[in-house]
Amino acid sequence: YTGNGSARSITFDESGNMQPDLMWIKSRGHAASWLCNDVLRGATYRLKLDMNSAQSNETQMITSFDTNGFSLGTSTTANQNTTDFASYSWKGAGSGSSNSDGSLTSTVSANTTAGCSIVQYAGSSSASTIGHGLGVAPDMIIVKTYSSGYEWAVYHSSLGEGQNLYLDTDGGSSATTTFWNNTAPTNSVFSAGGNVIYTNYAGQNYIAYCFAEKKGYSKFGKYTGNGNANGPFIYTGFKPAWVLTKATSRTGRWRVWDVKRSTFNVADKRLDPSSSDTESTGSTEAIDITSNGFKIRTLEAQFNGSGETNIYMAFAENPLVANVGQSIPATAR
C-alpha cells in the first residue's frame with residue numbers, strides 16, 4: 001500500500017474473512033524500523049524486528065486489526081504520505097486462550113490449519129516447557145522478551161535445538177544448549193532453558209511466533225550454496241508468495257522476497273528484517289519464483305556461498321490443498 005498521512009483502513013484484496021493476528025510492516029521508501037504487532041499484546045503495541053528494544057505503545061501506527069484488513073494512524077513509520085509500504089499478515093485464532101500443556105502456563109492464539117500460533121508467557125528462570133497449541137512440532141520459533149531490550153531468538157528445525165539465530169542481527173548461527181534447553185519441540189510444547197534472558201528469565205514477559213510446516217502451504221528447510229549465479233533450486237511443492245532466507249554458516253543478511261513487490265522474475269526487490277534500510281533492488285540478490293519452489297539467481301556469498309548453509313521459510317501464493325478438499329493448480333509466473 002501507499003501511505004497518505006491520514007488515519008485510514010486497509011482492506012486486503014483477497015476475498016473472505018482475513019482478520020490478522022500477527023503483522024509485520026516495513027516502509028519500502030524510507031529508512032525506518034519494522035513494525036511487529038500481534039493480537040495478544042494488543043494491536044497498538046509495537047516491537048521492532050530489526051532492534052532489540054522493548055515494546056512501545058504506538059497509537060498512530062497500527063490502530064486495530066479489522067475483519068478483513070487493518071487500520072492505520074498518521075505516523076510516518078506506517079503511513080508516510082506517498083511512501084510505499086509492505087505488510088505481511090498471519091491469522092491465528094483471535095484473542096487466544098490459556099494453555100497449560102507446558103510447565104509454564106501460556107496464552108495461545110493458534111491456527112492449526114495454517115500451522116501458525118502466537119504464544120505469550122512469563123519467564124521463570126528455571127528450565128521450562130511452553131505450550132504452543134499447534135498440535136504438531138513447530139519448524140520455526142521466533143521469541144522476544146517485550147519487557148526489555150534483548151535480541152530476537154530464532155529456532156529453526158533444519159539447525160536443531162543446539163543452534164540459535166538472532167532475527168535482529170546478520171550473524172551466523174551459534175551453538176547453544178540453553179536457549180531451547182537442548183530439547184526439540186514436541187507436538188504440544190517447546191522448551192526454554194533457565195536464566196536465559198532471550199527465552200526464559202524471571203520478571204520478563206515473552207512473545208513467541210511458532211510456525212509448523214503444512215504440505216502445499218508452507219515449507220521450512222535449508223539449502224547449500226554453490227557460489228554460482230546459476231544457483232541451487234529449492235523445491236517447496238508450491239508456488240511461493242513469500243520467501244525468507246538467512247545464511248547460517250557465516251555472517252549474512254536476512255532477506256524477504258514476495259510476489260507483490262516483485263511481480264515477475266527475476267524477483268529482485270528485497271527487504272531485510274534485521275535492518276531499517278529501505279528496499280534494495282538488483283541482480284546481486286535475486287531469486288526466481290517458480291510453480292514449485294524458488295531458485296537462487298546470484299553468486300552473492302551471503303545467499304549463495306559455495307558449500308555454505310542457508311535456511312529458508314516460504315509460504316504459498318495459492319495453497320495446493322484447499323479446505324474444501326480440492327487442489328488448486330500451481331502455475332508458473
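**Reading a predicted fold, one feature at a time**

Visitor: Where is the place of T82?

Guide: T82 sits in the loop between α1 (76-79) and β8. Helices (H or I, at least four residues) and strands (E, at least two) are DSSP runs, numbered from the N terminus. This is a predicted model, so local features need pLDDT of at least 70 and side-chain atom pairs count only at pLDDT 80 or more, while totals for chains, interfaces and linings use all residues. Residues are numbered from 1 along each chain as its sequence is written, and side-chain values use heavy atoms, with hydrogens and water left out.

Visitor: What is phi of T82 near?

Guide: Phi of T82 is near 70 degrees, a positive value in a residue other than glycine. S125 also has a positive phi, about 70 degrees, and is not a glycine. S125 is in the loop between β11 (116-122) and β12 (128-131).

Visitor: Is T82 buried or exposed? And S125?

Guide: Start with the cut-offs: buried means under 20% relative accessible area, exposed over 50%, partly exposed in between (1.4 Å probe, protein chains only). T82 counts as exposed because its relative accessibility is 62%. S125 has 16%, so S125 is buried.

Visitor: How much of the protein is buried?

Guide: Buried residues are 53% of the 333 residues.

Visitor: How do I judge the overall size?

Guide: Compare the radius of gyration (taken over C-alpha atoms) with the globule rule, 2.2 Å times the number of residues to the power 0.38. For 333 residues, a compact globule would come out near 20 Å; the protein has 19 Å, which agrees. The C-alpha trace spans about 50 × 50 × 45 Å along its principal axes.

Visitor: How many helices and strands are there?

Guide: The protein has two helices and 27 strands.

Visitor: In what order do the five strands of the open sheet run?

Guide: Two strands pair if DSSP finds at least two bridges between them. Here the order is β5-β4-β3-β2-β8, with antiparallel pairing. At the edges are β5 (56-57) and β8 (85-90), each pairing on one side only. Inside this sheet, two bridges join β3 (residues 35-38) to β4 (residues 42-47). C36 has L47 in β4 as its bridge partner.

Visitor: What joins β6 to β7?

Guide: A hairpin does, through two residues. The two strands, β6 (residues 62-66) and β7 (residues 69-72), run antiparallel and share four bridges. F65 stands opposite F70 in β7. In general, side chains in a regular strand alternate between the two faces of the sheet.

Visitor: Which residues does S191 touch?

Guide: Contact means heavy atoms within 4.5 Å. Leaving out residues up to four places away in sequence, S191 touches S128, T129, F179, W180, N181 and T183. S191 lies in strand β17 (residues 189-192). At 7% relative accessibility, S191 counts as buried.

Visitor: What about A110?

Guide: A110 lies in strand β10 (residues 106-111). Its contacts, counted with that sequence limit, include G92, A93, C116 and H132. A110 and A229 are 40 Å apart in space, C-alpha to C-alpha, and 119 residues apart in sequence.

Visitor: What share of the contacts comes from residues 24 or more positions apart?

Guide: Among contacts with a separation of 6 or more, such residues account for 63%.
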